[in-house]
Amino acid sequence: MILTYPLCLLALLGIPAIIIIYIIKSQYTEQTVSTTYIWTLSEKFLKRRNPLSGLSGIIALILQLLMILLISLALIMPIFTLKDRANEYTFILDASASMNMESADGKTRFERGKEEIDKLIEKAPNGSEYTLIYAGGEASTVYEGLKSKENARKLLSDLAPSYTTADITEATGLAQKRFDARPGTLTYLVTDKTYRTHQNVTIVNVSGSEDNFGITALECEMKSEGADKNALYVNGILNSYKKGTTLKVEIFVDGAETPDASATFVVPLGADFKFEIPPIMLKKPSYASVKAVISNADSYGADSEAIVYNLKNEKQYKTIIVSETPFFLQAAVGSLGDYDVTTVTPSEYEEKYAENDYGLYIFDSYTPANLPDSGAVWMINSDSSLENTGFSYRSDVVLNEPVVMEKSTSSQTAVRKLLDGLITKDIYLIKYLRYSTYGDYMTLYSYDGVPLIMAGENLYGNRTVVFAFDLHDSNLPATGDFVNLVGNLLDYSFPSVLDGSSYTAGDEIIINTVANSESVKVTAPSGKVKYLDTQKTMNEYVLDEIGTYTVEVEAGGSVREHKLFAEAPREERVPTVIEPNFSIIGTPSGDRLDGEFNPAIIIFIAIMVIFAADWMVYMYEKRQLR
Amino acid sequence: MGKFTINEELLAQIESLQSILKNNVAGMFGGNRQSKSFGSSCEFADYRDYLPGDDINKIDWNAYARFDKLYEKLYYDERQMHTRIYIDASRSMIHGSEEKAEAALRLAAALAYLSVCEMEKVSIYAIHGKTVDCVVSGMVGKESYLTEIGKLNDIEFFGDFCLSDAILPTTVGRGDGFSVIISDFLTDENFEGAIDHLVSKKRDVMCLQVLSSDELNPKLRGKMHLFDSEDSAKAYRKKIDKDIVKAYKEALRFIIERVKNYCEARGATYLLAPASASIFDIFFGKMVDLGVLK
């Protein structure tokens, strides 16, 4: 027996206190009467006395002593141990996106799964221990070895399903650890999947006969010229998990309330069905978003719509070129798009422009007095060291004859992206500067191990491109690669916040931090907000919900909004999934835990009964004395 | 000590009442009480044949004219009675609010006045234990009443009450009127002997049982240790509840019935006089109803 609050034994002191009170209270009142003759004679007439009345004083005392005893017990909260009467339970709750499917009663599979676990906990013998593993996008242990039924049920009720594919393998690993530690553990997998075979686990299937239709891989293209100028072509893939279903797809452009187009398709069971919407003639040259919706009702609405957002040209940052001979750069940048470029000489820069803010500073054969602390920087042929650049000038190297620059063969994604589209093999160089780097740079081109073109971050955390040679000392500006390289470097300097607009829930995406960003705020479909670290050039973000995410970038006093859509994972759209096997490896033992018996309810009832009895005795005495 | 006051209005009303004696009166002196023997009063009693030597003034000449025979008219004789009133002067009579003692004295005074008004002689006695103390002796006439009756207030209430032992040795008279015993009769001592003795002396016996409100309806409840006012050695210790009170009332009823039945069996008059009841109610209510007064 365990005494939860042994100090409450002190309440038993109430017993002697009650006895003393009774002794004091039980004293007789002395009084003289005219004669005791009648009273004495009355004894002969005292027939059939109620036996309770003779003992009433003692009965009340006994009842009150019992009450104190029981109240003390209730306060002490003794818990009795019952040998080998309880179990250890491990529940694996599948929290994959398909658990969001609703059945006819309006309950989702996940809710039904929670109810099943709740019932198991309720029926479990007291003293049992409960472990709950949540198998969402990542498997996690919600609680482990919890004894309190109340807490176990409360924590269970707080859970919500994810919108991604469940990591059942990781969940199995967690359950396996629990089983290995205690082979007597009873493991339950609550899921909507059907397993052909399973071992050491009880499968609780909560799937129903739900119908589901889904849309995915939505694409749209707008013609900008020709006879079908401004025509919007929309296509995608439909899935139906009901035989011979005709699905109606409606298209909404730019958040229109009524569909701009619609079409019906007979979709075969289970297979991908590629659909195309007849061209939609828009009266404007661009669009912001296109939403496709399956209007048929089904059990899982999250995959019945898809949205594509048009990524806008985000390279609208100001650029300044500081050079005495800016021709090559001006020509390259000018050919790449509508950039806001200011070209000045070094002296003009020092006089007028040094204090201004720009998105990109290109210093060609010129080293400013101070490195700008905001905005990307290109340092071309800088022949002196400058603080915070991440590199320092060491010497000039003049070659006897032109040499070919070596293009980096690194498999690093960023390097490959920067070198994308560069095809010229022979880029010559006659003279270069030797730098030693102490910043975070990646080499794009080099000669004899000496970096010649580098990209990285300066000590202010801004993206920096370094050319260790004068453009006039190389044939690079004369090659077609120069424009491509400048374009790649501009993309690197002015990174798009988002690389795309269509993703799948559970994807981990990169959100780039553009120059001069003051804040980057991501709002999930549920309204959950996360602010990203603007000190980092790239932030990883996991799309753990289905729907539209909004990324708001505040820079230079203005806020730019970018949107992306995360659709439901395709494998989670299938109402009935049959998996081959789920097993916990090992030989189960019959070991059981010691059960617990908490007599609180019995004690409480006994207290109430005795209280009622005491009250009845009191009322009886009161009536007798009237 | 019990005290009483004379209510002149009540005394005036009492004057209108007349007591009825059951037994033949045997007074020595002429009085206001009609005797069962024939005498010289003005009240006609019967006829008898005329015998030579009879008073010819009492011949009914009308009857002679009708029946042609001489009849002598007979008249009741009237004697003076001696009313003896015995008051229980034990301590139990004054315990508590003294209402019993006051009631006993009031009753005695009223009965004495009634007798005085009927030209009877009145003696009042106080009984302490086995002793009979004469408080008022041979009081005759209203004037004497007014001077003597105040002595009742001098009666001391103490000790116990042994009626038979007190009365038997005393002179109680024979066939000459009422013997009134005023007591609570709450004793296990012998009272029957006194009644038998008085009845055997051909006296009209009347027992007035005076009980206080507390005795008729006890208010005591809870754990009580009761002591007897007359004898502290006697005690009663009990938790008094509804059942006990019920038994008490049955015991009281038993006591009352015992006295009443004994009186009725001996031809004596019994009357329960609650101490709280007024003299008017007792005299004009209960006594008239019982036929003691008219």
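Two residues count as in contact if their C-beta atoms, placed from the backbone, lie within 7 Å. This is a predicted model, where local features need pLDDT of at least 70, side-chain atom pairs count only at pLDDT 80 or more, and totals for chains, interfaces and linings use all residues. Residues are numbered from 1 along each chain as its sequence is written, while chains are lettered from A and ligands numbered from 1 in the order in which they are written.

**Exercise 1.** Work out how many residues of chain B are in contact with chain A, and which element gives the largest share.

*Solution.* Start with the count: 33 residues of chain B touch 25 residues of chain A. Next, look for elements (DSSP runs numbered from the N terminus: helices are H or I, at least four residues; strands are E, at least two). Strand 8 (222–228), strand 9 (235–240) and helix 8 (242–265) of chain B each give two or more residues to this side. Helix 8 of chain B brings the largest share, 10 residues.

**Exercise 2.** Find which strand of chain A joins strand 8 of chain B, and how the two run.

*Solution.* Strands pair if DSSP finds at least two bridges between them. Here five bridges link strand 2 (residues 29–33) of chain A to strand 8 of chain B, and the two run parallel. For one bridge, take A:Thr32, whose partner is B:Phe227.

**Exercise 3.** Trace the strands joined to strand 24 of chain A.

*Solution.* Strand 22 (residues 406–407) of chain A runs antiparallel to strand 24 (residues 440–447) of chain A, with two bridges; A:Glu406 partners A:Ser446. Seven bridges then tie strand 24 to strand 25 (residues 450–457) of chain A, also antiparallel, with A:Tyr445 partnering A:Ile453.
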